[in-house]
Amino acid sequence: MNNRPTSIAESNDNDDNGHNKAWLYYFIAAVVGLLTGVLGSFFHQVIDHSLAWSRHLPEFLGLEGIGLYLFLSLFSAAMFCLAVALVRFVAPEASGSGVQEIEGAMAGLRNIRWQRVLPVKFIGGTLALGAGLIGGREGPTIHMGASIAKALGSWFSFGQRDTRALWGAGGAAGLTAAFNAPMASVLFILEEARNVFPHSGRTYSAAIIACGVSAIATVAISGSTPFMALSSTAMPLSFLPVFVVLGVVFGAMGVVFNRMVLAALDLSLHIGLRFSPYLIPALLGLVIGPMLVIFPEATGGGESLAVAIVNNPMPIGLLGLVILVRFFGTAASYSTGAPAGIFAPILALATASSVFLAELLSLLMPLPPGTIVAFAAAGMAGLFAGTVRAPLVGMVLVAELTGSYVLVIPVLLTAIMANIVADALGGRPIYEVLLERTLRLEKKA
């Protein structure tokens, strides 16, 4: 008689074997990845065309001067308000990023109403992000990926563990579609969502399959070039201590950023209850609209901004202005409740801040060749670690996004130091806090 103890994962596998076949589960994961990659890539292109259309519409209409700025203000305000209205009346859970909603669903605390979430995330995200809202496309694509997984999974009698894991795999496939970063997307499930993702060999394999197929679809539609490709140079060992200091800066910045986002959400809720939930998005649209032509770097997710800043550094004063606008603008945009993520804005903010710090440091000492690119890559991983509290995901995400694999040591030093500092300052993962806030408000309602 075999008395060997059976692990929880093995026990769950045995329980589920009578209800579904592994090959069917993997096939569904692949279909989820394919559909998510196609839909996410299409969404990405729609946002790009919408932003280009928004910026050239006044020119097409022959507007200039005050008339131009007034039109853009009213246009962005209207689009933001329409996006918020769509969320409020059809799927309130589609507000903001989809990450905390998926983590809540995997924990059995939230429901994925895919019939509502899919159209609201796509249409609402297009309205808001296409009109310049400072938000990321990955929030909608992550939620859409989980919704596709929910829709397909409901046709089969998978066990509870496998079903919930499939939602997580769909979300990871959505992250892959947003950034073409399949390895970071799989690690996101393993590191950031480690407390809620149902762990087993089969569920891990399903997540890898979904992300891999999503990456294939994304490359077929959008190309294989990294979304934020940078030409990088290895840093000398004697310069590495600087990246430890950089990690300290971004660890503290991450804690402040998280608190700013939460404060903006609370303020927006208070104003919405006292006056109107459309007041903040309308005011924000009035401000952001003219920036579409006056200061386009301050609008949108910021992926192209990050590359532009590194390749063509701005004057240090203008860089400082970009940092301030995007820091407060990201918090304000997220507080509106429109469908949008914070991954991309975090990366853009980190890049601008990193280049700013590199420019300041250059006034004090000579810098090795390629320092600006190294600071940008390390800063992105550092701020990601300080806010999301997933340093490994941040490191791999930056490597896949930029193709800067020679900078792995500076990126590692910055990310791990940022994570340590954020922990020491009492910082918590942003999505964990957002989920707790959602559950708390739901109980009060």
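This is a short talk on one predicted protein model, going from the whole chain down to a few residues.

Okay, some ground rules. Numbering starts from 1 along each chain as its sequence is written, and side-chain values use heavy atoms, with hydrogens and water left out. The model is a prediction, so to speak of local features we need pLDDT of at least 70, and side-chain atom pairs count only at pLDDT 80 or more, while totals for chains, interfaces and linings use all residues.

How confident is the predictor? pLDDT is its confidence in each residue, from 0 to 100. The chain has a mean pLDDT of 91, and 95% of its residues reach 70 or more. Please be careful with residues 1-16, though: pLDDT stays under 50 there. For that stretch the model has 15 contacts beyond four places in sequence, where contact means heavy atoms within 4.5 Å.

Now the overall picture. What is the chain built from? It has 18 helices and zero strands. Those are DSSP runs, numbered from the N terminus: H or I with at least four residues for helices, E with at least two for strands. The radius of gyration is 22 Å, close to the 22 Å from the globule rule for 445 residues, so the chain is as compact as a globular protein of that length. That radius is taken over C-alpha atoms, and the rule is 2.2 Å times the number of residues to the power 0.38. Along its principal axes, the C-alpha trace spans about 80 × 55 × 45 Å.

Of the 445 residues, 58% count as buried. Buried means under 20% relative accessible area, exposed means over 50%, and partly exposed is in between, with a 1.4 Å probe and protein chains only. And if you take contacts with a separation of 6 or more, residues 24 or more positions apart account for 86% of them.

Let's zoom in on helix α12, residues 303-311, which is where I309 sits. Is I309 buried or exposed? It's buried, at 0% relative accessibility. Leaving aside neighbours within four places in sequence, I309 is in contact with M314, L319, A352 and V355. The buried residues of α12 are E303, L305, A306, V307, I309 and V310. And which helices do they pack against? That would be α7 (160-179), α13 (316-335), α14 (343-362) and α15.

Step into the loop between α12 and α13 and you find P315. In contrast to I309, which is buried, P315 counts as exposed, at 55% relative accessibility.

Next, α15, residues 371-388, which includes T371. T371 is buried, with a relative accessible area of 3%. Beyond its neighbours within four places in sequence, T371 is in contact with M235 and F239.

Last stop, backbone angles. Most residues other than glycine have a negative phi. Here are two with a positive value. N180, in the loop between α7 and α8 (182-191), has phi near 55 degrees. R389, in the loop between α15 and α16 (391-402), has phi near 65 degrees. How accessible are they? N180 is buried, with a relative accessible area of 11%, and R389 is buried with 11% as well.

Note on methods: pLDDT = per-residue confidence, 0-100.
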